[in-house]
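Trainee: I would like to learn how to read salt bridges and cavities in a model. Please take me through them.

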Amino acid sequence: MNPQIDYEAVFRALPGMVALLTPDLVYADANKDFQRLAGRTREQLVGRYIFDVFPENPNDPAAAGMRETRASMLRVVATGERDTMALIRYDLEDPHRPGRWEEHYWSPVNAPVLGPDGQVVLIVHRVEEITELLRARDSVAAGDRSRVLQAEFYTRSRELQEVNERLRQAHAREREVALALQEAMLPTPSPVGHHQAAVRYQPATRNLNVCGDWYDLADLPGDSIAVAVGDVVGHGLAAACVMGQLRSALSAACRVAQGPARALEALGLYARIVEGAESTTAVTVFIDWGRHTLTYSSAGHPPPALLHPDGTVTFLDQATDPPLGARPVHVSRPQAHSPFTEGATLVLYTDGLIERRHEDIDTGLSRLADSLTHHRNAAPETLADILLTDLLPPGGNTDDIALVVIRL
């Protein structure tokens, strides 16, 4: 049996400058090297806001180290992901000689420490000081050339940081536009008679990309409706635009096709002329209220779940075919039927609800079935919220989710 490890002692002995900060950017701890190279004792650090301890040099009009360091740390808190900064210049004030600033160059990395709920509880701030390296370059025989190389090295690093920041801003703007487009194309469905229904679209919380997940409910002739969900491969505006085209096409096809399989066949033919539509998955269920029958067909999509009034769950997985555009030639798609009793609940969803990295899909399906059984008496609106709460991993979903819950 391994001896118990004293991680506090390990942290203090870590080589290199390492500090821990709270999400509010207050020092929680700092190892020996950090204290020594920063010229501050542990007592001068712990419990204090980082930029109160290390204010920016007021004599440097081009100073940007504080702004960039704060932005990097706040990105870590917001995304839960590591952020590597470009080389920065951040001068330090001599704690024994106020007003005297010493030039320093740093290469920082900020990384998250996640709590049980997946939220960031600490920031690991690891810093490599390369001031002496740059000064050593100045001491070689070709002194002038060394200064030029140093300046060029620093300039290129700053340019890289600026380019990365512009890319982040552009990506954030694209996400906002894609989300607005997605929401506009996924309106709240019209009432389905006296039946209760709930829909949800939840974008990924820890990913700058918006995906092409969608849902749709369409009235059919007679006492029937069609319900569908789908997932476009890809991200951002391109995926959102493809999603809009496929959703509209499937909605129209369901209204005229003789069954869900024929509707997906028509969608597959249309997808061949839509760039970016290949490998899209979708599932469609026709609900016949009068005959208490579900007719369904799936194009490579996770199976809908049918929650029976007694709490048992059946997955509608008897009519599954490859995703759209996966076959080089047109082939008829299968469809299957399943009876239902009044009071049952139908749940359609995209893979972001059940899939987790490094986990078999059957585990996710089992987790979904357990949650449905446990909350079988919940109304659709309540059940939709419960499923998102129960099934999403700590820290939030890393993939978009579309969800439809209908009381039959």
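**Salt bridges and cavities**

Mentor: Arg-200 and Glu-381 join through their side chains in a salt bridge, at 2.8 Å from N to O. Arg-200 belongs to strand β9 (residues 197-202) and Glu-381 to helix α11 (residues 380-391), so this pair ties together parts 181 residues apart in sequence. Helices (H or I, at least four residues) and strands (E, at least two) are DSSP runs numbered from the N terminus. This is a predicted model, in which local features need pLDDT of at least 70 and side-chain atom pairs count only at pLDDT 80 or more, while totals for chains, interfaces and linings use all residues. Residues are numbered from 1 along each chain as its sequence is written, and side-chain values use heavy atoms, with hydrogens and water left out.

Trainee: What counts as a salt bridge?

Mentor: Side chains of opposite charge can pair when their charged atoms come close. The rule asks for a side-chain nitrogen of Lys or Arg within 4 Å of a carboxyl oxygen of Asp or Glu. The structure holds 16 salt bridges. Glu-8, Arg-12, Asp-29 and Arg-42 are linked in a network of them.

Trainee: With which residue does Asp-385 form a salt bridge?

Mentor: Asp-385 pairs with Arg-200, with the closest N and O atoms 3.0 Å apart. This pair also links distant parts of the chain, helix α11 and strand β9, 185 residues apart.

Trainee: Is Arg-200 buried or exposed?

Mentor: Buried means under 20% relative accessible area, exposed over 50%, and partly exposed in between (1.4 Å probe, protein chains only). Arg-200, at 18%, counts as buried. Glu-381 is partly exposed at 42%, and Asp-385 is partly exposed at 39%.

Trainee: How many cavities are there?

Mentor: A cavity is a set of points, on a 1 Å grid over the protein atoms alone, where a 1.4 Å probe fits but cannot get out; lining residues have an atom within 4 Å of a point. Grid points are joined across faces, edges and corners, and a volume is the space filled by probe spheres set on the points. The count is 4 cavities of 30 Å³ or more.

Trainee: What is the volume of the second largest cavity?

Mentor: The second largest cavity has a volume of about 150 Å³. Of its 14 lining residues, Arg-272, Gly-325, Val-329, His-330 and Arg-333 lie nearest its centre.

Definitions and conventions. On a 1 Å grid over the protein atoms alone, a cavity is a set of points where a 1.4 Å probe fits but cannot get out, and a pocket is an open set with protein on both sides within 12 Å along at least five of seven lines; lining residues have an atom within 4 Å of a point.
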